[in-house]
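Hi,

Here's the structure I promised to pass along.

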Amino acid sequence: MTCYLKLPINARRRSSTPQWRVSALLLATGLLLPATHAWSDAAPNATPNATPNAAQQLAVGVCATCHGARGISNLPKIPVLAGQGEAYLTAQLHAFKTQTRGDADAIGYMWGMAADLTDEQILNLSHYYSTAAAPTPATVSTRQAVTAQITLGAHIYTQGIADRGVPACSACHGPDAHGLGDFPRLASQHAAYITKQLLSFQNTTRDVAVMHAVTTTLKNAEMTAVATYLQALP
Amino acid sequence: MTATHPMPTLHTPRWLTLLAPLMALPILLYAPLATAVPSFARQTGMACASCHTVFPELTHFGRMFKAGGYVIDNLKQVKDMSLERRENLSLSDLPPLSLMIQVSDTELAKPVPDSARAAGASQNGTVAFPQQVSIFYAGKIAPHVGAFLQLTYGNDSGTIGIDNVDLRYADMRVLPNDQSLVYGVSLNNNPTVQDLWNSTPAFGFPYVSSNSALGIPYATQIDGSRGQDVAGISAYVFWKESVYAELGVYRSAKQGTAGPLDSTSAGGVLATPAPYWRVAYETNQGPHSLMLGAYGMSFKLYPDVAGCPSCDPPTTQGYGHLLGGPSDQFRDLAFDLQYQFLSEPHTASLTATHIHETQTLNASVLAGVAQRLDNTLTTSRVTATYYYKRRIGGAVNAFSTTGSQDDLYIATTTHLPDTRGLTAELSYLPWLNTKLSLQYTAYSKYAGLKQNYDGFGRNASDNNSLYFVAWLAY
């Protein structure tokens, strides 16, 4: 691979570029090649020692591209992981790995990413994100339409819609929406992500019996309202 | 490729001698482009949409995958490990192979003249079956090392040859505050093929174009002119997935020639190693991604002149191509921009680049093939792309090349390279790895003029072309 950097004898004689310049470039290149932790060490299947450090390497080197350096994604369709419940994260990573969570982006992104994670890596990654500080919600718009959505969302979240059999979300996810046990934290989650999940529960691409029952009669506008409310919660 | 065109004879009219190199140039400029490769999807287990908006345009994740050395994988590995738990081997049980086929049809507004018969015209409606077939080895080689290697059969060359190659070593460090620092080295054969954005020449729009239509007759050196003609090594860093810097150096590495390059080497040989640099800043916020960057390269080239033009009398035989003495210098400085909006169901992007080349033609003037010592050549391109559900969409691209008038160096009737126009493309992707495109290119100026640019009645708009291409990758 380096043969084309060797100057032919006649070119060496004629070259008007001092050879030290080339040497300096090659040296600079060499300096950038410390034999340290490999990128692939950060890749899911190549971690012989799944330590918390390796989890950080994995999170920063691979997951961060979509989920943000500390699990705070700035892409609306990619979930915030920072501050999420450890048990929930573990369950989801297993669901991706075993291909039992079937919403569109789970298939397109996470089935591949999680395929070769070891149980130890899953535990360490879950711990890494669950202990990261949850994001501060962005300032909420004071536009009337948004305020109305938040009011409706808060009502559905705390009281449900009794005449259509929609229970209060807070019963399982907690009054502050910080999650309880296996039930995920929803506060300060991207609204677009929550809406997408509610739709996938409804159409069973993400097949969770409890959530399918909850969302069966929810209208799209109501899903958006709940999601907007939750995104604004600290 | 010029060898396929008959040499002018005494009876060849002047317009034909002018047209012959112009017909060959577009083929050089529109050399087959590399593409998205399904072997990456097989290797990572992730669908095309993770890395691409619509192939081959990269998303932020795709850029990180490339910067990381193409090594993320989720395939079962054949492994070997030392007692110290150091990985000696990590081989995927499936080789990362892909195949790509392009089939096309091109209609020109007016057929080009027959390249051999003075009074004749070539056939219009060129079916290319295939236009291109490529085999890729694209994926991880070892824990730190990945490859994007393309072998291509092209209907224009009628042979199989090496196409774009990008071999990488990459690694990542976690800095304080969970900041990432990706760094690596790329060995490649086409300046900018290693770049992460779609605003630079190698992976810029048009991603595929006709090789039987007339393209832009002159291009700057960094704008694809040296693809597969050089080999280079570059080192790069990418900090916080945001600040990118790269430095490299290239040498001539011609294909189809044996041994040390000598006077039998046509096409221009680099006199000294050519330095390449690239800086970029990318910021991502919600569905928006913005990159502002600059790149450049400096070339010292022996002119592609055979014989001894300075002899008395000048001769074109017995001396081979120039490979010594003074050289021409080309300094390319470019700025680029990329904006992407990625959401569902809409994806949109805007890419732009402006390349300015300063030419100091010491050797060409001495050899009698250039009139002026100091010339310039400037190319600008802007492309807007939109897709609905990554399934149906299109792009509009405006292009312009302008430069110095040189009676000897520029082989057009006006001796100007100036060419500009628009390309519009409509595409439909029934599946993520199959693209059907209809592309229309319209020229408002060609080789310096709108009308009668060749002195024989051919107008710029006669080169307008309608091109259909089916592009399959699996």
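First up: what pattern does chain A follow when read along the sequence? It goes α-α-α-α-α-α-α-α-α-α-α-α, with twelve helices and zero strands in its secondary structure. Bear in mind that this is a predicted model.

The helix I'd open first is H4 of chain A, residues 52–67. A straight helix of its 16 residues would reach 22 Å at 1.5 Å a residue, but the end C-alpha atoms of H4(A) are only 18 Å apart. Go to A:Gly61 and you'll find a bend of about 40° in H4(A). This helix is also largely enclosed by the rest of the structure, because 13 of its 16 residues are buried.

On chain A as a whole: 48% of its 234 residues are buried. Take the contacts in chain A between residues at least 6 apart in sequence, and 61% of them join residues at least 24 apart. Its accessible surface is about 11,300 Å², with 63% of that belonging to carbon and sulfur atoms.

Now for chain B, where the secondary structure consists of six helices and 19 strands. It has 474 residues, and 56% of them count as buried. For contacts in chain B with a separation of 6 or more, residues 24 or more positions apart account for 64%. The accessible surface of chain B comes to about 18,800 Å², and carbon and sulfur atoms hold 62% of it.

Cheers

Key
Residues are numbered from 1 along each chain as its sequence is written. Chains are lettered from A and ligands numbered from 1 in the order in which they are written. This is a predicted model: local features need pLDDT of at least 70, side-chain atom pairs count only at pLDDT 80 or more; totals for chains, interfaces and linings use all residues. Side-chain values use heavy atoms; hydrogens and water are left out. Helices (H or I, at least four residues) and strands (E, at least two) are DSSP runs, numbered from the N terminus. The expected span of a helix is 1.5 Å times one less than its number of residues. The bend at a residue is the angle between axes fitted to the seven residues ending there and the seven starting there. Buried means under 20% relative accessible area, exposed over 50%, partly exposed in between (1.4 Å probe, protein chains only). Contact means heavy atoms within 4.5 Å. Accessible areas come from the Shrake-Rupley method with a 1.4 Å probe; for residues, only the protein chains shown count as cover.
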